[in-house]
Amino acid sequence: MPDGHEEERSRRDAQAADLSGVGVEGTTDHRSRRPVGRSCPRFRWTHEEYLAAVLDREVAARNASGAQLRIRAAGFAARKTLEEFDWNAQPAVRQQVASLASGGFLTEARNVVLLGPPGTGKTHLATGLGIAAAHHGHRVLFATATEWVTRLTDAHRAGRLPNELTRLRRYGLIIVDEVGYLPFEQDAANLFFQLVSSRYEHASLILTSNLPFSGWGGVFGDQAVAAAMIDRVVHHADVLTLKGASYRLRNRGIDTLPSIKTQDTAN
């Protein structure tokens, strides 16, 4: 049952939704150029209640503005929210995703891994969780696995890889999309491992992949590197397996893609 403070805050939130044209005693309504009185007759507020409602609204507006700035800075390929996701295609993970959207995994520096065939919604869910994280006040960066490797390679060649890893660790969430679509050379795999290792138990990762973990050795060119990476990723992680045919192929008479099997991809 809500306490008195929660009830008071709810009342102010409802009242603050209609503050247009109402000012504070000693100030001027800039549209009417008239001085404002001690209270708001419409809601019969006291001076203190009105000030509290104005401040609540100002904080909410600044939070919303900050979230939009974080979303723009994240570099998402497209803005796709969780509300827009077709849950009829992936009902099995809906509850788990809803729990993750609360942002608790970020405060615990946990990871999220989305596995499944192409077209099952991995990137959409990763993006949606990233947008939710931005609304919770976390800084987010999004890029494909190959883009991350390029970024790390450039930093390594410039002699600033340690500084870059330290800087990236200040982001509450890094999203690595499309792990496994293209294999990495040994040097690139080692750089990617350093990214994963630098965030281990410090900050969160979301990774998407069309391959089961057993196939990651081929991607990184070294079973030992892949095993060490997977160990750090999944130690504190939620692994979600998406199944089904690609949404891109719906109503096109194509049920499956070459070399893609519906399976428990976490094996």
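**Group meeting talk: rings and helices**

Okay, let's start with the rings: F184, F192, F213, W216 and F220 together form one aromatic cluster. Before I go on, please keep in mind that this is a predicted model.

I'll show you two. To describe a pair of aromatic rings, you give the distance of the centres and the angle of the planes. Take F85 and W87: their ring centres are 4.7 Å apart and the planes sit at 65°, so we call this pair edge-to-face, since over 60 degrees is what that label needs. Both of those residues, F85 and W87, are buried.

One other ring to look at is Y171. The charged end of R139 sits over the ring of Y171, 4.1 Å from the ring centre.

Next, the helices. For two packed helices, the description is the angle between their axes and the distance between the axes. Find α6, residues 145-157, and α8, residues 186-199: their axes come within 9 Å and cross at roughly 95°. The two helices α6 and α8 are therefore roughly perpendicular to each other. Which residues meet there? On the α6 side you have V149, L152, T153 and H156, and on the α8 side A188, L191, F192 and L195.

Now try α3, residues 94-101, with α5, residues 122-135. Their axes also come within 9 Å, and they cross at roughly 30°. That angle makes α3 roughly parallel to α5. In this contact, V97, L100 and A101 of α3 meet L125, L129 and A132 of α5. By class, that gives 6 nonpolar, no polar and no charged residues.

Last stop, a loop residue. Where is N210? You'll find N210 in the loop between β6 (204-209) and α9 (216-220). With a relative accessible area of 15%, N210 is buried. And leaving aside residues up to four places away in sequence, N210 touches G116, P118, K122, V179, G180 and Y181.

Terms used: Residues numbered from 1 in each chain as written. Predicted model: local features only at pLDDT ≥ 70, side-chain atom pairs only at ≥ 80, totals over all residues. Heavy atoms only, no water. Phe/Tyr/Trp six-rings, centres within 6.5 Å; stacked < 30°, edge-to-face > 60°. Buried < 20%, exposed > 50% of the residue type's maximum accessible area, 1.4 Å probe, protein only. Lys NZ or Arg CZ within 6 Å of the ring centre and 35° of its normal. Helix = DSSP H or I, 4+ residues; strand = E, 2+ residues; numbered from the N terminus. Contact = heavy atoms within 4.5 Å. Axes fitted to C-alpha atoms, helices over the stretch in contact; angles between N-to-C directions. Parallel < 35°, antiparallel > 145°, perpendicular 65-115°, else oblique. Nonpolar A, V, L, I, M, F, W, Y, C, P; charged D, E, K, R; others polar.
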